[in-house]
Structures are given as structure tokens and as C-alpha cells.
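I am opening a notebook on this structure. My entries follow the order in which I looked things up.

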Amino acid sequence: QKYLSELEYMLREFRKLERQLNGAKASSDAPSAPSAKVKEESAGSRERREKLHSFILHLEDTMRQIEIGCSLEAQGKSTVMVGVASSAHANKDLTEEEVK
């Protein structure tokens, strides 16, 4: 619980960075730019942007697991299966992302 505020801060900052990267990509795709200067997003930039998005999803999932675990602990229930069920869902999402 004590780390949740730090994780929330990290999530906000990473989302800001993602919006900036998406904004930079969108502005480079703008039709008003001179055609000689318009470049497609490099493979490295795209890969970094996708990795950042995957990390954000992982961070959100971790925060969800923490919140569920804290809630269950407060109720006196076991938290053993919280990470397992959530990880299985995350792996399913990752597999679907890899297919695309």
C-alpha cells in the first residue's frame, strides 16, 4: 500500500511521455509539413513507443494486483491466486499483441 502512490506517480509520468511520443508521431504525419521533411516513424522509435505502452499496461496490472491483494488481506482472505489469475490475463493480452 505504501508504494501505491509512487506507482501512481510513475504511471502518470509514463502516460505523459506516451502522449508526447504519440503527439510527435502525429505531428510528423501532418500533411502541412513539406514532403521532403516528412519521414515515416523509424522502426526503433516505433519499437520504443510499443515497449513503453507494454510497460504502462504492465504497471497498470501490477497496481490492480496490489489493490486487489490489499483488499483481500483487509477481508482476511488469501491473496495467493491474485497474481496468477492476473498474470494469465496479461499473458493472453501479450500474445494477442504479438499477433498484430
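**Entry 1: ground rules.** I call a residue buried under 20% relative accessible area, exposed over 50%, and partly exposed in between, with a 1.4 Å probe and protein chains only. By that rule, buried residues make up 14% of the 100 residues in the chain. I note that this is a predicted model: local features need pLDDT of at least 70, side-chain atom pairs count only at pLDDT 80 or more, and totals for chains, interfaces and linings use all residues. Residues are numbered from 1 along each chain as its sequence is written, and side-chain values use heavy atoms, with hydrogens and water left out.

**Entry 2: the outline.** I took helices (H or I, at least four residues) and strands (E, at least two) as DSSP runs, numbered from the N terminus. I found three helices and zero strands in the chain. Read from the N terminus, the order is α-α-α. Next I looked up the surface, using accessible areas from the Shrake-Rupley method with a 1.4 Å probe, where for residues only the protein chains shown count as cover. The chain exposes about 7,800 Å², and carbon and sulfur atoms supply 56% of that. For contacts I used heavy atoms within 4.5 Å. Of the contacts between residues at least 6 apart in sequence, 65% join residues at least 24 apart.

**Entry 3: the core.** Which residues make up the largest nonpolar core? A nonpolar core here is a set of buried Ala, Val, Leu, Ile, Met, Phe, Trp, Tyr and Cys residues joined through side-chain atoms within 4.5 Å. I listed seven residues: Leu 4, Leu 7, Leu 11, Leu 52, Ile 56, Leu 59 and Met 63. Helix H1 (4–28) and helix H2 (43–74) each give two or more of them. H2 gives the most, with four residues. In soluble globular proteins, nonpolar side chains tend to be buried together.

Leu 59 is in contact with Leu 7, Met 10, Leu 11 and Phe 14, leaving aside neighbours within four places in sequence. Leu 52 sits in helix H2 and counts as buried because its relative accessibility is 11%. Leu 52 and Phe 14 are 38 residues apart in sequence, but 7.6 Å apart in space, C-alpha to C-alpha.

**Entry 4: charges under cover.** Glu 18 is in helix H1. Glu 18 is buried yet has no salt bridge. A salt bridge needs a side-chain nitrogen of Lys or Arg within 4 Å of a carboxyl oxygen of Asp or Glu. The nearest side chain of opposite charge is Arg 15, 6.2 Å away; Lys and Arg count as positive and Asp and Glu as negative, while His and the chain ends are not counted. Not counting residues up to four places away in sequence, Glu 18 touches Leu 52, His 53 and Ile 56.

Is Arg 49 buried or exposed? Arg 49 is buried, at 17% relative accessible area. Arg 49 lies in helix H2 and touches Leu 21, Asn 22, Lys 25 and Glu 41, residues up to four places away not counted.

**Entry 5: salt bridges.** How many salt bridges are there? The count comes to five. One of them joins Glu 60 and Arg 15, at 2.3 Å, N to O. Glu 60 lies in helix H2 and Arg 15 in helix H1, so the pair ties together parts 45 residues apart in sequence. Arg 15 is partly exposed, at 33% relative accessibility.

I also looked at pairs inside H2. Lys 51 bridges to Glu 47, with the closest N and O atoms 3.2 Å apart. Both lie in helix H2, four residues apart, about one turn of the helix. Lys 51 is exposed, at 54%, and Glu 47 is partly exposed, at 43%. Asp 61 pairs with Arg 64, the closest N and O atoms being 3.8 Å apart. Asp 61 is buried, at 7%, whereas Arg 64 is partly exposed, at 43%.
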